[in-house]
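Hi everyone, thanks for coming.

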Amino acid sequence: MKLVELHTKADQLSGSYYLGYLVYQSADAATLISLDDDANAGGVLVINNQDILTSVDESPSLAYCQHLIDEGKSTDPFALMPLNQELLKTPLTSLSAASQAALEKDLVVNITLTSGIVYTGIIALAGPTEIQLKQIGDDYELDPLCLVIPLSAISSLELKVQYKNLCK
């Protein structure tokens, strides 16, 4: 696995980017084990290749993360790595495959649209062209109505294994 920094169209306005280990990249999507800015383990992130602007192998952020990793200061505070490894046994080679895996494993997801809007919730239906998402409100309650999101409008989908069954 290679440590990379990915910049997407959706994050262009905010100047943000994704850091992580590139697990694999298919014709449709790149799959990362995400890291935060302090090199701590995050969830599995599937990014639409059409939304990726650049993939960087060297940057100050990557050098800092690599330094923390080399010094043994990178942590896994929520014990995500074993859960991520289990999740990665399913080939997450597209947004459709990732949404289907999230549905089957009843995982909370963060969905970033190409417009930069982010939704958090549980996938209620995963189809070949769209998903239906039950949003999680500020009170951690599920909205009874589903939001229909075309897969073509999604920049990235993060599978959040640490919040499994949060809203049941």
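So, to start: in which loop does Y140 lie? Y140 lies in the loop between β8 (130-136) and β9 (142-150). When I say helix or strand, I mean DSSP runs, numbered from the N terminus: H or I with at least four residues for helices, E with at least two for strands.

Quick background before we go on. This is a predicted model, where local features need pLDDT of at least 70 and side-chain atom pairs count only at pLDDT 80 or more, while totals for chains, interfaces and linings use all residues. Residues are numbered from 1 along each chain as its sequence is written, and side-chain values use heavy atoms, with hydrogens and water left out.

Back to Y140. Although it is not a glycine, Y140 has a positive phi of about 65 degrees. Y140 counts as exposed because its relative accessibility is 55%. The cut-offs are: buried is under 20% relative accessible area, exposed is over 50%, and partly exposed is in between, using a 1.4 Å probe and protein chains only.

D106 also isn't a glycine, and it has a positive phi of about 55 degrees. You'll find D106 in the loop between α3 and β6 (108-113). Is D106 buried or exposed? D106 counts as buried, because its relative accessibility is 16%.

Now the pockets. A pocket here is worked out on a 1 Å grid over the protein atoms alone: it's an open set of points where a 1.4 Å probe fits, with protein on both sides within 12 Å along at least five of seven lines, and lining residues have an atom within 4 Å of a point. Volume is the space filled by probe spheres set on the points, and points are joined across faces, edges and corners.

The largest pocket comes out at about 330 Å³. Its lining has 17 residues, and Y17, Y18, S34, L35 and D36 lie nearest the centre. Elements giving two or more residues to that lining are β2 (18-25), β3 (29-35), β4 (41-48) and β10 (154-160). Which of them gives the most? That's β4, with three residues.

Let's zoom in on L35, which sits in strand β3. L35 counts as buried because its relative accessibility is 10%. Leaving out residues up to four places away in sequence, L35 touches L3, L19, G20, Y21, N40, A41 and I69, where a contact means heavy atoms within 4.5 Å.

The second largest pocket has a volume of about 160 Å³. Among the residues lining this pocket are A27, D28, N48 and L151.

Next, the inside. A nonpolar core is a set of buried Ala, Val, Leu, Ile, Met, Phe, Trp, Tyr and Cys residues joined through side-chain atoms within 4.5 Å. The largest one has 33 residues, and L92, I111 and L159 have the most contacts inside it. Helix α3 (residues 95-104) gives the most to this core, with four residues. Apart from that core lies another, of nine residues, including V4, L6, A30 and I52.
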